[in-house]
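Colleague: I would like to learn how to read a model like this one. Could you walk me through it, one feature at a time?

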Amino acid sequence: GSSNTAVGVLALYANTTGAENTAVGFEALRNNSSGTPNNAFGRQALRSNSTGNGNCAFGEQALQANTTASNNTAAGHNALTANTTGTGNTALGMRALVANTTGGLNISIGKDSLYAQTTGSSNVAVGVSALQNNTTASNNTAVGQQALFANTTGHDNVAMGINAMAG
């Protein structure tokens, strides 16, 4: 690869043909082989990424399990940690979208928002613990602290305001 920057023990360790990657921190982008251009800042950020492209991870273990997914942005401790192949997600805040594995096109802003999300897609959660217990549901919008908090599989809902549709 070319035009890569690695700072930290085992940062960009397995890189072979990946180009224009930046890895700062212990094991940041450790398993990247051909993914390009990715940015990882923090301990184990994007650690498992192998061929995913255009990912940005900021924070300890942000996007840690990502392997082949592309175009994800995670900022915060454990943001999008379990994501493997979900594409086009944005997670901002500690543990935002922490359990997501294959769900795509989700937006999670706030601590623990979309916390239990695994495979649902096209959800928007803005606020602390918004859509926190959502697991597989898609097409939900929750704006406000704990909005749609208890929803697990319900889809096509809109909740705005603190504790809106929380029960």
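Predicted model: local features only at pLDDT ≥ 70, side-chain atom pairs only at ≥ 80, totals over all residues.

Colleague: Where does Asn140 lie, and is Asn140 buried or exposed?

Modeller: Asn140 belongs to the loop between β8 (124-126) and β9 (141-143). Its relative accessibility is 0%, so Asn140 counts as buried. Setting aside neighbours within four places in sequence, its contacts include Leu131, Leu148, Asn151, His155 and Asp156, as well as Gly154.

Colleague: Now the whole chain. How many helices and strands does the protein chain have?

Modeller: The count is zero helices and 10 strands. The radius of gyration is 16 Å, close to the 15 Å that the globule rule gives for 167 residues, so the protein chain is as compact as a globular protein of that length. The C-alpha atoms fill a box of roughly 50 × 20 × 15 Å along the principal axes. Of the 167 residues, 47% count as buried.

Colleague: What share of the contacts with a separation of 6 or more comes from residues 24 or more positions apart?

Modeller: That share is 0% in the protein chain.

Colleague: On to the rings. How many aromatic pairs does a search of the whole structure find?

Modeller: The search finds one aromatic pair. To classify such a pair, check the angle between the planes: under 30 degrees counts as stacked. The ring centres of Phe41 and Phe58 are 5.2 Å apart and the planes are at 5°, so this pair is stacked. Phe41 is in strand β3 (residues 39-41) and Phe58 in strand β4 (residues 56-58), so the pair links parts of the chain 17 residues apart. Phe41 is partly exposed, with a relative accessible area of 31%, and Phe58 is partly exposed too, at 35%.

Colleague: A ring can also meet a charge. Which charged end sits over the ring of Tyr13?

Modeller: That is the charged end of Arg30, 5.5 Å from the centre of the Tyr13 ring.

Colleague: How many salt bridges are there?

Modeller: For these, look for a side-chain nitrogen of Lys or Arg within 4 Å of a carboxyl oxygen of Asp or Glu. The count comes to five. One of them joins Glu27 and Arg47, with the closest N and O atoms 2.8 Å apart. Glu27 sits in the loop between β2 (22-24) and β3, and Arg47 in the loop between β3 and β4, so the pair ties together parts 20 residues apart in sequence. Glu27 counts as buried at 6% relative accessibility, while Arg47 is partly exposed at 21%.

Colleague: Which side chain meets Arg95 in a salt bridge?

Modeller: Asp112 does, at 2.7 Å from N to O. Arg95 is in the loop between β6 (90-92) and β7 (107-109), and Asp112 in the loop between β7 and β8, 17 residues apart. The side chain of Asp112 also meets Lys111 in a salt bridge, at 3.1 Å. Asp112 counts as buried at 7% relative accessibility, whereas Lys111 is partly exposed at 35%.

Colleague: Which residues do salt bridges with shared partners join into one network?

Modeller: Glu27, Arg30 and Arg47 are joined in this way.

Methods:
Residues numbered from 1 in each chain as written. Heavy atoms only, no water. Helix = DSSP H or I, 4+ residues; strand = E, 2+ residues; numbered from the N terminus. Buried < 20%, exposed > 50% of the residue type's maximum accessible area, 1.4 Å probe, protein only. Contact = heavy atoms within 4.5 Å. Phe/Tyr/Trp six-rings, centres within 6.5 Å; stacked < 30°, edge-to-face > 60°. Lys NZ or Arg CZ within 6 Å of the ring centre and 35° of its normal. Rg over C-alpha atoms; globule rule 2.2 N^0.38 Å.
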